[in-house]
Structure formats: C-alpha cells, structure tokens
Amino acid sequence: MTPPDLSFWTLSLAALLVLANAGLSLLLQLGIARQLLIAAARMCVQLALIGLVLTQLFARVSLGWTALAALVMLAVAGYEVRSRQERRLRGWWSYGLGSSTMLLATVLVTLLALTVLLQPDPWYHPRYALPLLGMILGNAMTGVSLGLNALTTGAVRERLAIEAQLALGATRWQALLPLTRQALRTGFMPIINSMAATGLVALPGMMTGQILAGADPAEAVKYQLLIMFLIAGATGSGVLLVVLGGIWRLTDERHRLRLDRLQRSE
Amino acid sequence: MLSVANLRRSGPPGPSLTAPAFSVAAGECVAVTGPSGAGKSLLLRAIADLDPNQGEVQAGPLLRSQTPAPQWRQAVMYLAAESGWWAETVAEHFPDPVAARTQLAALRLAADCLDWPISRLSSGERQRLALLRVLLRQPQVLLLDEPTAALDPAAVTAVEQLLRAELARGVAIVLVSHDDRQVDRLAQRQLLVEAGVVREFGT
C-alpha cells in the first residue's frame, strides 16, 4: 500500500488554514497575525531546508557529515537549555553545563541504539542516526532544562535553609539533598507524564507519521516503544548529570553555597 | 580558644572586610558592635568560612586551613540572624529530639513544640529553636548573630542564662548585638566594625 502523494497544491490548500487564522486575528484585533505568519513562514523554510540537508546526507552516507549534523543539533539544544533558565550560571558554564550533559547522555543512548539495538548498515546511516538523535535530544532537552532550572531557582529560594545546614556542619551534598530530590523529580516529570499519556491522550507524532506513510500500526507501535525507552534513558541520565553538575558549580570545595556564580534573574 | 589573623574578604559579591589579629579566650564573650550594614554578619560568616575569604583562623588545636569545612563548622558554629528550616516539622531539625525536649522549658518554649510544623512557629520561637539546635551540637566556639533580636524580655533573660552556662563550660562566644545593655551583661570586650573595618574597641 502506498500513501497518497502530496502535491504542492494540496499543501497550499492546507496552508490556507493558517491564513484563515491570520484573518481571524485581524478581525478580532488580537495582534498576533504578524507573529503567526512569520512563525508559519519560518516553519516552511526550516523544514524545507532540513529536507534538503537530509536528502544530501542520505545520498552521501558519510560518518563525518552525519557527525557534523549531530553536533549542530547538540549545539542548538545547548543554546535552548540556556535560554530556558530563569537564572543562568555565570560565564561559560551557562552554555557548557547543559550542552556537555546532553552530549554525554544523548550520544551514548543513540550510539547504543544504533550499534546494539537497531544495527542498520552502516551503523551511522543518517536515515536512522539523525531522526533518533533528534527525538532523544528534543525530549532530553526539556528534562535537562527543567531540572537545572529547578535547582538554581530552588537554591536561591532555599538559601537560608541550605546555609543553616552548612553552618551546622553538613556537607554540601547533605545540605542540598532536599533540593536535589526536588530538581530530579521536576526533570523526570515530563517523560513520566508523556509515557503515561501516550496512546490514550495523544498518538505520538512519529507513530502517526509512520502510519500515515503506510506502515503497519503494530510495527509503528514497536518503533514508538523503542523510542520512548531510549528517550527515558537519555532524559534520566541527562537530568542526573545536569543536577549533579549544577550542585558542583553552585558550591565549592569548602562546602559554601556560591550563589554569586549565578547571574541575576532577568 | 579562637584566634583570627589577617582576615580579609574582598567583594564582589558583597562589601569587603578587613580584621586585624584578635582572639577570644575559652569562657570569654566578645561582642561585635557597629552600625547596620557595616559588616558584623560578614565577620562571623568569614570566621565560619561560609563566604570566600583569606587569612588564618584557629580554634583550639584546629587550624581552619587544615580542617575540612564541615568539621570546622561543627567546632566553630555560626547562628544566622534569620533562621533556616529544611524539613516539615520542628523535630526533624534535631538529630536527637529527646535531648532537645529536656531543654525546651529553659528556653520558655512549649513542651510539645517539637511536634509542630515549622509554619506554626513565631519568629521568637524560631530564633530560640535555632539556638537550641546549635547548642545541642556542643561546638567549642559560638558565632551568634543577634540571637535575641526577636525575643521578649523574659525570653532574653532565659537565653542569656543558657549562654552564661556555655561560657562557664569554656565555650568562646562572639556575639553580634545591638543591645548595649546585653553587651554589658555578657561581654568582657568589644570589637567595633565600621564600613568593613574591624578594630578592638577602646584601643
């Protein structure tokens, strides 16, 4: 069974729906018509570009080019984690901590999936490597941002409680334990929620796409499960690493709380 | 008991602070006075090593630079002006609630207050419980930042009585206080802090 072909005109007709939204905004004076159209245009350009890039990468099947694309994705994700922080770490750390933990967590899990679980030929084939990394990265990014944000904002909010424990002779790990637990829970929540809701409330985008493209639903479900497990693994290790790294940076070797290493909130 | 040499902290963050050499003998109470914002709390925090600072501090046989920070702070314990609480109920903040219970009456606290949630405590109750939390750990040096600021006169007397008992045991106390009469009652000497500079009072 082949899916119905999507022509330029079919897509244009669907795009009319966005134009209708813009018209509605003008009519009701919501003031979001411009934003809406710019966002839609950005999406078209970005997706068209990534389509071109992927086509080129698939034609080449080169380890170097695939790795370069993966690095660009990781760099953007690191920037995204940084921009989601209410209070950033000062200096290089604001970018480096999120990027390095995600690099470690997502690359390890993606490599595990490619070399042990899926074993495409060759293992670095971009048709498998890049979509897998993209989905894992997108979800891990959410967990890592939330976990780090919970830690840094919590450290500011709970300064008196943390310093009271330090003054009584607690180590930095003891003094930050309640906050550590809280930050880890916050980071884990999205993946737990999305595993619990998957299939009931929402059909995951990847599975829907596969089914629309003509795949057997049972096969699509198996792939979706694999992806969710990989995402859970990467998010878990990413959140753990970023929270431990954050504690390391927010305290020093004399077990002091170093809130001066955080920027002021914006 | 406590001797401080060349203590300096430099901002930012926070203002800078310099202190000459001074010491506090076992059983002695030295008061730290001076206008608000001059750096009295910063001096206590620097001695406890809660803020980055330079200089050497010695407490009995312990050299601060040779002692792991948690162990140092168990010997030289800082009580902040504003107390911090990290668990739900009062009892969870005491390693040995049974020992804590025996001291409640001396501090004029309710006999069942260990079972209360933190949110039920008044500021005066918090202040006394935070002090009790410190005293039960039996440090050799106490760094007290306005320990009676939120208390009524009867509670102030009760706290001062406990502090005298600590002095009699040989504990050294550095006391930040805005109450001149309290300074007269407890302290043998004074350190004056003005605009981040510490000096011995009357010299």
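In the predicted model, Glu194(B) stands opposite Val197(B), a residue of strand 11 of chain B. The two strands here are strand 10, residues 189–194, and strand 11, residues 197–200, of chain B. They run antiparallel and are joined by four bridges. Together, strand 10 and strand 11 of chain B form a hairpin, with two residues between them. Ala195(B) lies in the turn. The phi angle of Ala195(B) is positive, at about 50°.

Chain B also touches chain A. In this contact, 20 residues of chain B meet 16 residues of chain A. On the side of chain B that touches chain A, two elements give two or more residues each: helix 2 (69–75) and strand 7 (76–79) of chain B. Helix 2 of chain B supplies the largest share, four residues. By class, this side of chain B has 11 nonpolar residues, six charged residues and three polar residues.

Chain A is built from helices. It has 10 helices and zero strands. Read from the N terminus, its elements run α-α-α-α-α-α-α-α-α-α. The C-alpha trace of chain A spans about 70 × 55 × 35 Å along its principal axes. Chain A has 266 residues, and 31% of them count as buried. Contacts in chain A between residues at least 6 apart in sequence were also examined. Of these, 74% join residues at least 24 apart.

One helix pair in chain A was examined in detail. Two packed helices are described by the distance between their axes and the angle between those axes. Helix 4 of chain A covers residues 93–118, and helix 10 of chain A covers residues 217–250. Their axes come within 9 Å and cross at roughly 150°. Angles over 145 degrees count as roughly antiparallel. Helix 4 and helix 10 of chain A are therefore roughly antiparallel to each other. Their crossing is right-handed.

Residues from both helices build this contact. Helix 4 of chain A contributes, among others, Trp93(A), Leu97(A), Gly98(A), Thr101(A), Val109(A) and Leu117(A). From helix 10 of chain A come residues including Leu226(A), Gly233(A), Ser237(A), Leu241(A), Gly245(A) and Arg249(A). The residues of the contact between helix 4 and helix 10 of chain A divide into 13 nonpolar, eight polar and one charged.

Key. Residues are numbered from 1 along each chain as its sequence is written. Chains are lettered from A and ligands numbered from 1 in the order in which they are written. This is a predicted model: local features need pLDDT of at least 70, side-chain atom pairs count only at pLDDT 80 or more; totals for chains, interfaces and linings use all residues. Axes are lines fitted to C-alpha atoms, for helices over the stretch in contact, and angles run from 0 to 180 degrees between N-to-C directions. Angles under 35 degrees count as roughly parallel, over 145 as roughly antiparallel, 65 to 115 as roughly perpendicular and the rest as oblique. A crossing is left-handed if the near helix is turned anticlockwise from the far one by less than a right angle, and right-handed if clockwise. Two residues are in contact if their C-beta atoms, placed from the backbone, lie within 7 Å. Ala, Val, Leu, Ile, Met, Phe, Trp, Tyr, Cys and Pro count as nonpolar, Asp, Glu, Lys and Arg as charged, and the others, Gly among them, as polar. A residue is buried if 20 or more other C-beta atoms lie within 10 Å of its own, exposed if 12 or fewer, and partly exposed in between; C-beta atoms are placed from the backbone. Two strands pair if DSSP finds at least two bridges between them.
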